[in-house]
Amino acid sequence: MNQQLMPVYLMPGMAANPTIFEYIKLPEDQFEIFWLSWKMPLKKETLQDYAKRMCEEVKHEKPVLLGVSFGGILVQEMSKHISVRKLFVVSSVKTKHELPKRMKLLKLTKAYKLLPTQLMGNIDLLAKYAFGETITKRVELYKKYLSVSDKAYLDWAIEQVICWEQDQPIPEAIHIHGDNDMVFPCSYISNCTKIKGGTHIMIINKYKWFNENLPKLILGN
């Protein structure tokens, strides 16, 4: 029987390319996976307008959207413009209230404007911002996953996260979060499916959990 496959669109985190999803495999007789990539933001573009532009990359009606970290914020904004079947927020936040204190302080003082994004070509520094950890032996691995180091993009992306104004969570958002996430600590997060030992990059190193559980979560009521 040739049934229509359910489209699942995956959005990576800040500075990351979609190869972070290379280990995510869903039953091919039910789902079709599409990777989304970051576009360069237009000058002074709002996150809302950027989300509208990203919606142009979605070629199916009622898709599943899944976003990681800043990508999780972006898919929530995208879901305000298109109808989705399911919305997954991974290693991210659902409102500005779930941002950690240090990010709220950056917003209050506008100190985020002083972050050394011109140094982000340094892969170790970029990994610290994007993944929440510094790197030692895994530098080649991170070079593979982190490819968006343009200063204009990073300045824009950091500001969008820190200044995100979402006050209430989207009711239908399914939030999956690691209990060892150093970028968005679990202590600030409410109403989520908690992954034991999950870090900010659990989409890479806990992929088996996602492969096993995503189909059930997508098809569930």
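Analyst: Let's start with a pairing. Strand β3 (residues 64–68) lines up parallel with β4, and five bridges join them. Strands and helices here are DSSP runs (E, at least two residues, for strands; H or I, at least four, for helices), numbered from the N terminus, and two strands count as paired if DSSP finds at least two bridges between them. A bit of background: strands of a sheet pair through backbone hydrogen bonds, either parallel or antiparallel.

Before going on, a word on what you're looking at: this is a predicted model, where local features need pLDDT of at least 70 and side-chain atom pairs count only at pLDDT 80 or more, while totals for chains, interfaces and linings use all residues. Residues are numbered from 1 along each chain as its sequence is written, and side-chain values use heavy atoms, leaving out hydrogens and water.

Back to the pairing. V68 has V90 as its bridge partner in β4, and G67 has V89. To get from β3 to β4, the chain passes through helix α2 (residues 70–78), making a right-handed β-α-β crossover. Right-handed means that, with the strands pointing away from you, the path from the first strand over the helix to the second runs clockwise.

On to the other neighbour: β4 also runs parallel to strand β5 (residues 173–178), with four bridges between them. There, V89 has H175 as its bridge partner.

The strands form an open sheet of six with parallel pairing, in the order β2-β1-β3-β4-β5-β6. At the edges are β2 (31–35) and β6 (193–195), each pairing on one side only. On average, neighbouring strands are turned by 20 degrees against each other, direction ignored. Angles like this are taken between axes, which are lines fitted to C-alpha atoms (for helices, over the stretch in contact), and run from 0 to 180 degrees between N-to-C directions.

So how enclosed is β4 itself? Five of the five residues of β4 (residues 86–90) are buried, so the strand is largely enclosed by the rest of the structure. Buried means under 20% relative accessible area, exposed means over 50%, and partly exposed is in between (1.4 Å probe, protein chains only). Both faces are covered: K86, F88 and V90 are buried on one side, L87 and V89 on the other.

Finally, helix α8 (residues 207–219) lies across β4 at about 145 degrees, and across β1 (6–11), β2, β3, β5 and β6 too. Contact here means heavy atoms within 4.5 Å.
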